[in-house]
Amino acid sequence: MSVLARSVGNAFRNKVRTGAVVAVLAVAISLALSMLVANQAVAAKVTELNASVGTVLTVNPAGGQGFEGGGEPLTAEQAATAAAVPNVSSVVGTKALRLRNATEAAAQSAAGTQGAGTQAAGPGGGQGGPGGQTTTTLTTSLTAAVDAGTLGGRNQAAEGTTGSTAATQPVRSLPITATGIGAEVDSTGKALEITEGTGLGDYTAESTNALLGTTLAEKNGLKVGSTFTINDKTYTVAGLFDAGTTFGNNALYITLSSAQTLAELPGELSTMIVTVDTLENVDSTKTALQSALGTDKADVTQGQNLETAVSSLDSVKNISFIAFVAALGTAGLIILLIMVMLVRERRREIGVLKAIGAPNRTIGFQFVLEALVLVALGSVVGAAVASFASGGIASALISSNSSTTAATTGRGMPGGAAGFPGGAGLPSGGPFGGASQLLTTVTASASPGVIAAGIAAVFGVAIIGALVPALLTARIRPIEVLRGE
Amino acid sequence: MIEVKNLVRTFKSGDRTIKPVNDVSFELEQGTLASIVGKSGSGKSTLLSLLGALDKPTSGDVVVNGVSLASMPDGKLTEYRRRDIGFVFQQFNLIPNLSAVDNVMLPMEFAGIRKAARLARAKELLEQVQLDPEKHVRRINRLSGGEQQRVAIARALANEPKLILADEPTGNLDEQTGEHIIELLSSLSHDHNTTILVVTHDRSLANKTDRRFRLQQGRLVEEPARASVGAAASS
């Protein structure tokens, strides 16, 4: 019988105890593997975010953000100036429009709460909310997909305090965000995810085609090829997109020129999305861009919400790593204690083996192998549990962090989610307003590679844990055998 | 040849110092079958453990074929036990979750003998000690005391040691099997030039050995050999 066979046999001497040990080990190992899976998933997400939107800068009109509102609109000339800044790889202009259902707007107009038609927002955002920029309000045949009441009390800010004269606010749906874009990207610079139909083709040309958010299209019973109106002008649904958020999908995109024409403000931009060639050049380009456009004309921001989101993800990453190490340590400790107990229990047997000529290394090796048999069994069960539980555990970790992050980022951020009703009307409530959404889109799946790496770590720790009792066996003297005789 | 020189082993028991082995000296030629008798607690097992390098003497030395055990490092002592010594313990000390044949194979595994060779030798030894072949693969804890004793003797013989130290080897055996074991030990010592030292209460076994020692209060006294006993009786 070989040392391995003997070790396997020893591991099953007491089946009840072996079962209990394997169960405890499996809990620790499954927790360790789940934490590793979460850690890897979050790390991958951080890398992806940095790679995809980490190089995007957003230019807004100076003073056109936050509670101050107002600001001079950006122009096509400023877009050309931005494009000329070194390391800038692309500049995409956007023109934000706000659409109100024509029937509802007429009813409100009749009630004297607010005039319909084209108007510019007043000071302080005019539309009564933080995050106000110069935004044009138009009428449409569409009905918003976000119903009144969805946002609770904040819904009442839709008309705002400065723009409202009525004592009682009628219940109504939220405005629809229409954004004119100069390329097939959303307001964060990410490529639009078109789920049906096609894009708009030449985004710099006038067009009567539009891209609708999936929920907006569903709410209005529209499909690719259907038509709707904006200010009595007919548009055709060329495609549907999924922004991944409710606000994002209560929106539509048209070409930049079309939006400017609708707003009767040719050459005017709400924002510019500037993409820098590399992540390393972002800081210097941001400074150069701010200098080129002038601090009194434009504000250049670097997606602070994204930084917060990434910071939160980093926090999850750190927590999961610490938990992984702690669970690994626990597994190692369990092995250590179990093996110490077994060594104490088998002192006499160890003495017999030494008396008949077994070298210390053979006995130590036998105990290490026995520990590894237990760990192998625990790993099989633990990996099975982790493959089912890791997603849930990772989600719980991420959601507990994202709720904190959302509470932090949602308030007072320029054009943030909280400022949506009176804000610039960008999808997702601002340049990086979907930060909390980014957190929840982390997919934690237990890939074989990660599980294998985790189990390798568990075995490493188990070997260390088993070495201590194995070394203890070397201190047992063979005379122990005869002590009891 | 084994030379035991002024061997002393003391233990502390509270304030008292106990000397189970007190200045013991003797020599055994290779191939001798010897016995030590004495009352319980007289130090027989302690002496056996010193000869088998299981314990270290307080003073004195055991010299085996010119090599002093006192100066040997632990690694060498392990090698000495593996290669030169065969133990038969009073309580058998077999590994309970292994089969009879696996127990006998253990010392050979430690000596690096190939599996097929050690399996064949283990079976041969178990047949020599008259263990039923069907019990060769039975777990130790499913064998009777006598059967376990036979497996313990077979294990002691596994590596063909130069010295076999046996503590009450026939203590758990019936008369017939005991006789057979005595014949086996006698044959080993005389035909295979193996030195055998047996600790026993069994007078009949002691009387069949070449040399007999009595351990009294830690001191070893040699009793007249078989021939002398026979001569004295006849005179």
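This is a predicted model: local features need pLDDT of at least 70, side-chain atom pairs count only at pLDDT 80 or more; totals for chains, interfaces and linings use all residues.
Residues are numbered from 1 along each chain as its sequence is written, chains are lettered from A and ligands numbered from 1 in the order in which they are written, and side-chain values use heavy atoms, with hydrogens and water left out.

**Stop 1**

Select residues 152–167 of chain A, where pLDDT stays under 50. The model gives this stretch 34 contacts (heavy atoms within 4.5 Å) beyond four places in sequence. Now move to residues 405–436 of chain A, where the pLDDT is also below 50. Here the model has 80 contacts beyond near neighbours in sequence.

**Stop 2: chain A as a whole**

Switch to a cartoon view of chain A to find 14 helices and 13 strands; these are DSSP runs numbered from the N terminus, with helices being H or I of at least four residues and strands E of at least two. Of the 485 residues in chain A, 52% are buried, meaning under 20% relative accessible area with a 1.4 Å probe, protein chains only. Among contacts between residues at least 6 apart in sequence, 82% join residues at least 24 apart.

**Stop 3: the strands of chain B**

Next, select residues 2–13 and 16–28 of chain B, which are strands E1 and E2. They pair in the antiparallel sense over eight bridges, where pairing requires that DSSP finds at least two bridges between two strands. Ile2(B) stands opposite Leu28(B) in E2(B). Two residues lie between the strands of this hairpin, and Gly14(B) takes a positive phi near 70° there.

Val8(B) has Ser59(B) as its bridge partner in E4(B).

**Stop 4: where the chains meet**

Finally, show both chains together. The contact takes 29 residues from chain B and 25 residues from chain A. Between them the chains bury about 2,200 Å², 60% of it on carbon and sulfur atoms; this is the accessible area (1.4 Å probe) lost on putting the two parts together, summed over both.

Which residue of chain B meets the side chain of Arg477(A) in a salt bridge? Select Asp55(B): the N to O distance is 2.8 Å. A salt bridge here is a side-chain nitrogen of Lys or Arg within 4 Å of a carboxyl oxygen of Asp or Glu, and the count between chain B and chain A is two.

Notes:
pLDDT is the predictor's confidence in each residue, from 0 to 100. Buried means under 20% relative accessible area, exposed over 50%, partly exposed in between (1.4 Å probe, protein chains only).
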